[in-house]
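User: I have a model open and want to go through it with you. Can we start with the terms?

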Amino acid sequence: MAARQRVSIVAANSKSKIVEKFVIENGIVMRDGSPIQNVVAERIVGLSDVGLPYRLLERFLEKALENPRKQVVDELYLFLESHNLPITEDGDFLAYLPVRSDYYDRSSKEFQNIVGAKRSMSSDAIGDDRESSLTEKNQVPSSPKSHRIVK
């Protein structure tokens with residue numbers, strides 16, 4: 001069996017590296033012996049290959065894999081990437097919601113977006129199409145510059 005090293009230390013005679021809960025073996029991200037085949041895993045391998053940091057993607061992938069819906073796991077990163085939404089160091093992502101002058105959301109007018117407030121919704125309320133489910137409802141503009149306060 002090939003020696004495994006932490007990703008930050010590349011073994012000279014090995015193509016395997018440990019990435020916290022994941023292992024990169026011969027260019028494939030593995031978790032508990034099973035390959036992870038999605039765009040996030042591809043990005044992790046690509047960044048690892050050129051020596052760039054990828055820890056936030058690893059944390060993001062850990063969290064995404066907690067979702068029981070495979071389509072969400074496979075497409076969430078693509079949605080974030082296509083709308084230029086950032087991933088934080090702890091693997092969360094930032095999304096921007098248009099608000100009214102009283103900080104209630106523009107669409108439902110039911111949720112006040114104040115510092116410290118947390119917003120969530122049932123996964124049943126979100127469709128499977130990453131291009132239309134939230135963006136058609138003006139839930140997630142692509143950047144803070146793309147929304148304005150409305151009365």
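Analyst: Buried means under 20% relative accessible area, exposed over 50%, and partly exposed in between (1.4 Å probe, protein chains only). This is a predicted model, where local features need pLDDT of at least 70, side-chain atom pairs count only at pLDDT 80 or more, and totals for chains, interfaces and linings use all residues. Residues are numbered from 1 along each chain as its sequence is written, and side-chain values use heavy atoms, with hydrogens and water left out.

User: OK, D105: buried or exposed?

Analyst: D105 is buried, at a relative accessible area of 0%. Its place is in the segment after α3 (70-82).

User: Which backbone nitrogen does the D105 side chain reach at 2.9 Å?

Analyst: That of F111. A polar atom of the D105 side chain also lies 3.2 Å from the backbone nitrogen of E110.

User: Switching topic. Which residues have the most contacts inside the largest nonpolar core?

Analyst: V29, V40, I44 and Y77, in a core of 19 residues. A nonpolar core is a set of buried Ala, Val, Leu, Ile, Met, Phe, Trp, Tyr and Cys residues joined through side-chain atoms within 4.5 Å.

User: Which element gives the most to it?

Analyst: α1, with five residues.

User: And confidence, what does the protein average?

Analyst: A pLDDT of 75, with 66% of the residues scoring at least 70; pLDDT is the predictor's confidence in each residue, from 0 to 100.

Note on methods: Helices (H or I, at least four residues) and strands (E, at least two) are DSSP runs, numbered from the N terminus. A polar contact is a pair of N or O atoms within 3.5 Å; within protein, one must be able to donate a hydrogen and the other to accept it, and residues adjacent in sequence count only if both atoms are side-chain atoms.
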